[in-house]
Amino acid sequence: MSAKHALTIEAVSKVFPLGRANGQGKTVTALDSTSFKVLNNEFLSIVGPSGCGKSTLLRLMAGLDTPTTGQVAYQGQAVQKPTGRIGLVFQDYSLLPWRTLVRNIKLGLEFQGLPRRQARDKALEYLELVGLAASKDAYPHELSGGMRQRAAIARALAVEPDVLLMDEPFGALDAHTRLLMQRELLAIWEKHRKTVVFVTHSIDEAVYLSDRIAVMDKDPGRVIEVLDVDLPRPRTRKNPDFGKLTESILEMLKY
Amino acid sequence: MNQRITSFFLPLVVPALFLWGWETTAVRVANDIILPRLGDVLAVLAHPIQPIIGMGSLLSNVGISLARVLFGYLAAVALAIPLGILMGYCAGAHRLLNNFLSVFRPIPPLAWTPLMLAWFGITSPATVFNMEIGPAYIFFNNLKFSMAFIIFIGGFFPVLTSSVHGVRSVRRVLIESSLVLGANRLDIFRKVILPAASPSILTGMRIGLGVAWMCLVSAEMLPGSLSGVGYLITHAYTVGRQDIVITGMVSIGVMGALMDQGFRLCERRMLFWRGMS
């Protein structure tokens, strides 16, 4: 069974202690007994309102946090700390500002101990993949938000993780750039077929990108439904089923 | 064109007014002890390798002061940076040392003088290592431990504070994004924390050097001092040569400003990315 399921989330909850200002000893439940499975090579999105624990869930999958109860397992093994097998693209700006793009992409390869030349060649290859080869010697501050996020994706892919987690990677981009990035991400995904878990606010974005969508609700944060998206690819928003699915998710969240 | 001329002359306006005001006041006062004339000071400055008031040349005194400041300052940097990084990186070290060091921080370096004299007297690397009498002995005997310690205290705390701050304010997302790329603790330290903290550390080093330089005069007033710009100033005062006092002040000011400028150049070249994230 572990061959089919990349990630298994089993009765996972996460409880945070509140700060002194909010009353000592009190806690907040970010995630309440959540279970679902991520299949190998699928594109799964997680949608839900702010504060439903989407990002918390993603951090647990990445091994940056540990669950209060339950277990996150990757290929049958409990995830306890980051290993490099599960990549994560952050929403905010996470490139090292003192490194050029190509050296930023090289970073993970340096951690892997790849020889210099090889690391550089591979970094260039991934810059090519996201269409940034021409900017290889630019510093992050010289680039637009969209370019930076493309570079962050290239950096995460370059270490060849089995699973790529993405935490609202396009959340800070303008609407136009966002649409372009969605298309590009799909093109990259179709080439590599990595397992992707994509957290987003935008139901439209989730329907456009995903094989399946996990819908979350808040108070307490939990997954209320996992839906299959049976729309042919490449998708178009003109397809009436696109609108219907979007509508039904909105209803599920009681908008 | 017009604008370029203006922007070239603008920084010179205040110094020119200042010098003019000095000279006219000095002429009116007509008392060398209260205010020597501009020309007298310039005359001393114009001959930096001529011996003055039996103390050797201005240049050699500046050189000795520079060596003293660097001696104390480099020791401060060598201790404060690793300690600051440790305290910034490791919460336990911070808890262990922060309160303790906070009590020492406000003590003016000069207040250490009596203790310094009691502990170190007039020892120097030359006396400790029993060096042979000769030029090397004379040079190293100028670097008294008591003076170096005063300068050390001056330089230590700015560097320490900024190192702690630099390490502590590294953005979490930089560390976490490296962790998910498979970094170990040493990788994170070398490739993320150290470069991210370097602007703050460099700023602390610049401030620390300024403070160390300011401690010079008090350090050179200690017994066993027979040279250096600080001593030159106090000695010139006792023999009533106010022009040499001012020459010493100008030398300290110019040297300090030059070193500060050097640091700024370094910062600009190395840390062009600062504030860009």
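**The loop around Ile53(B).** Ile53(B) sits in the loop that runs between helix H2 (38-46) and helix H3 (58-89) of chain B. Helices (H or I, at least four residues) and strands (E, at least two) are DSSP runs, numbered from the N terminus. This is a predicted model, in which local features need pLDDT of at least 70 and side-chain atom pairs count only at pLDDT 80 or more, while totals for chains, interfaces and linings use all residues. Residues are numbered from 1 along each chain as its sequence is written, and chains are lettered from A and ligands numbered from 1 in the order in which they are written. Although Ile53(B) is not a glycine, its phi is positive, near 30 degrees. Ile53(B) has 13 other C-beta atoms within 10 Å and is therefore partly exposed. A residue is buried if 20 or more other C-beta atoms lie within 10 Å of its own, exposed if 12 or fewer, and partly exposed in between, with C-beta atoms placed from the backbone. The mean pLDDT of chain B is 90, and 99% of its residues reach 70 or more; pLDDT is the predictor's confidence in each residue, from 0 to 100.

**Helix H12 (residues 229-238) of chain B and what covers it**. Of the 10 residues of H12(B), 7 are buried, so the helix is largely enclosed by the rest of the structure. The buried residues are Val229(B), Gly230(B), Tyr231(B), Leu232(B), Ile233(B), His235(B) and Ala236(B). Their cover includes H3, helix H11 (216-220) and helix H13 (242-270) of chain B. Just after H12(B) comes Gly240(B), with a positive phi of about 70 degrees.

**The side of chain B that touches chain A**. Here 17 residues of chain B are in contact with 22 residues of chain A; two residues are in contact if their C-beta atoms, placed from the backbone, lie within 7 Å. Helix H9 (172-180) and helix H10 (185-214) of chain B each contribute at least two residues to this side of chain B. H9(B) gives the most, with 7 residues. By residue class, this side of chain B holds 10 nonpolar, 4 polar and 3 charged residues. Ala, Val, Leu, Ile, Met, Phe, Trp, Tyr, Cys and Pro count as nonpolar, Asp, Glu, Lys and Arg as charged, and the others, Gly among them, as polar. The model scores ipTM 0.90 and pTM 0.83.

Val197(A) is buried, with 25 other C-beta atoms within 10 Å. Not counting residues up to four places away in sequence, Val197(A) touches Val38(A), Leu44(A), Ile46(A), Leu58(A), Met61(A), Val163(A) and Leu165(A). Leu88(A) lies 109 residues from Val197(A) in sequence, and the two are 9.3 Å apart in space, C-alpha to C-alpha. In chain A overall, 42% of the 255 residues count as buried. Of the contacts in chain A with a separation of 6 or more, 68% come from residues 24 or more positions apart.

**An open antiparallel sheet of 4 strands in chain A**. The strand order is E2-E1-E4-E5, where two strands pair if DSSP finds at least two bridges between them. Strand E2 (27-39) and strand E5 (77-78) of chain A are the edge strands; each has a single partner strand, so one side of each is left without a neighbour in the sheet. Strand E4 (residues 69-74) of chain A is joined to E5(A) by 2 bridges, and the two run antiparallel. Ala73(A) stands opposite Ala78(A) in E5(A).

Asp219(A) is not a glycine, yet its phi is positive, about 55 degrees. Asp219(A) counts as exposed, with 10 C-beta neighbours inside 10 Å. Pro234(A) is in the loop between E10 and helix H7 (240-252) of chain A.
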